[in-house]
Amino acid sequence: MDLLMSWARWLETSPWGYPVRTSEWLYPFIQLIHFSGLSLWIGTNIAIDMRLIGIGRRRQTAAELHDELFTWNWIGFAIVVLGGFLLFSSSATTFLHNAAFLVKLKYLVPLALAWHILVQAKTRSWGQTDDTPVPAKLAGGLEVCLWLSVVTAAVLIPTY
């Protein structure tokens with residue numbers, strides 16, 4: 001824990017952490033970018049999951065929708081990771097003592113990411129037709145629940 005706290009203190013004084021923490025406008029701006037990336041990333045995830053579940057227009061299969069949104073999904077992810085890292089850098093020592101933040105990063109995000117990668121890998125075979133198999137519907141529903149859990153934990157961070 002001492003090594004982690006030392007790294008967190010270093011982040012807070014780094015060339016990117018210190019300005020984010022001390023600037024009047026930089027933290028809210030990065031937060032806006034982070035939330036925009038989150039909206040893009042979660043939105044594309046949920047669109048594919050809903051199609052797997054069977055909800056939505058039937059103009060294309062889940063596999064076709066996945067192919068269309070794949071690039072946007074990972075662009076959103078890159079924005080989320082970069083923005084989240086910059087926000088974390090501004091108050092890293094405080095975040096390391098925040099229960100909601102720790103639950104989000106230690107349990108929910110790894111689980112949701114692993115599940116997301118599994119669903120993305122299987123969507124090509126599951127989503128070939130309009131009628132997706134039951135495991136695909138369950139996987140899509142579980143992914144939606146996992147991402148809602150991650151977002152809920154993130155929303156709770158300021159209260160802890």
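**Rings and helices: practice exercises**

Ring pairs tie Trp-7, Phe-88, Phe-95 and Phe-101 together into a cluster. Keep in mind that you're looking at a predicted model.

**Exercise 1.** Work out how the rings of Phe-95 and Phe-101 are arranged.

*Solution.* Start with the search of the whole structure, which turns up 10 aromatic pairs. One of them is Trp-41 with Phe-77, 4.9 Å centre to centre. Now take Phe-95 and Phe-101: their ring centres are 5.0 Å apart, with 35 degrees between the planes. Stacked needs under 30 degrees and edge-to-face needs over 60, so this pair lands in the tilted class. Both Phe-95 and Phe-101 are buried.

**Exercise 2.** Decide whether Trp-41 and Phe-77 are buried, partly exposed or exposed.

*Solution.* Next, use the cut-off: buried means under 20% relative accessible area. Trp-41 has 3%, so Trp-41 is buried. Phe-77 comes in at 21%, so Phe-77 counts as partly exposed.

**Exercise 3.** Describe how helix α3 (residues 26–53) packs with helix α6 (residues 99–126).

*Solution.* Begin with the geometry: the angle is about 45 degrees and the axes lie 11 Å apart. Roughly parallel would need under 35 degrees and roughly perpendicular 65 to 115, so α3 and α6 are oblique to each other. Their crossing is left-handed. Then look at who touches whom: Trp-41, Asn-45, Ile-48, Asp-49 and Leu-52 in α3 meet Leu-113, His-116, Val-119, Thr-123 and Trp-126 in α6. Sort these contact residues and you get 6 nonpolar, 3 polar and 1 charged.

Definitions and conventions:
Residues are numbered from 1 along each chain as its sequence is written. This is a predicted model: local features need pLDDT of at least 70, side-chain atom pairs count only at pLDDT 80 or more; totals for chains, interfaces and linings use all residues. Side-chain values use heavy atoms; hydrogens and water are left out. Axes are lines fitted to C-alpha atoms, for helices over the stretch in contact, and angles run from 0 to 180 degrees between N-to-C directions. Helices (H or I, at least four residues) and strands (E, at least two) are DSSP runs, numbered from the N terminus. Angles under 35 degrees count as roughly parallel, over 145 as roughly antiparallel, 65 to 115 as roughly perpendicular and the rest as oblique. A crossing is left-handed if the near helix is turned anticlockwise from the far one by less than a right angle, and right-handed if clockwise. Contact means heavy atoms within 4.5 Å. Ala, Val, Leu, Ile, Met, Phe, Trp, Tyr, Cys and Pro count as nonpolar, Asp, Glu, Lys and Arg as charged, and the others, Gly among them, as polar. Rings of Phe, Tyr and Trp (its six-membered ring) pair if their centres lie within 6.5 Å; planes under 30 degrees apart count as stacked, over 60 as edge-to-face and the rest as tilted. Buried means under 20% relative accessible area, exposed over 50%, partly exposed in between (1.4 Å probe, protein chains only).
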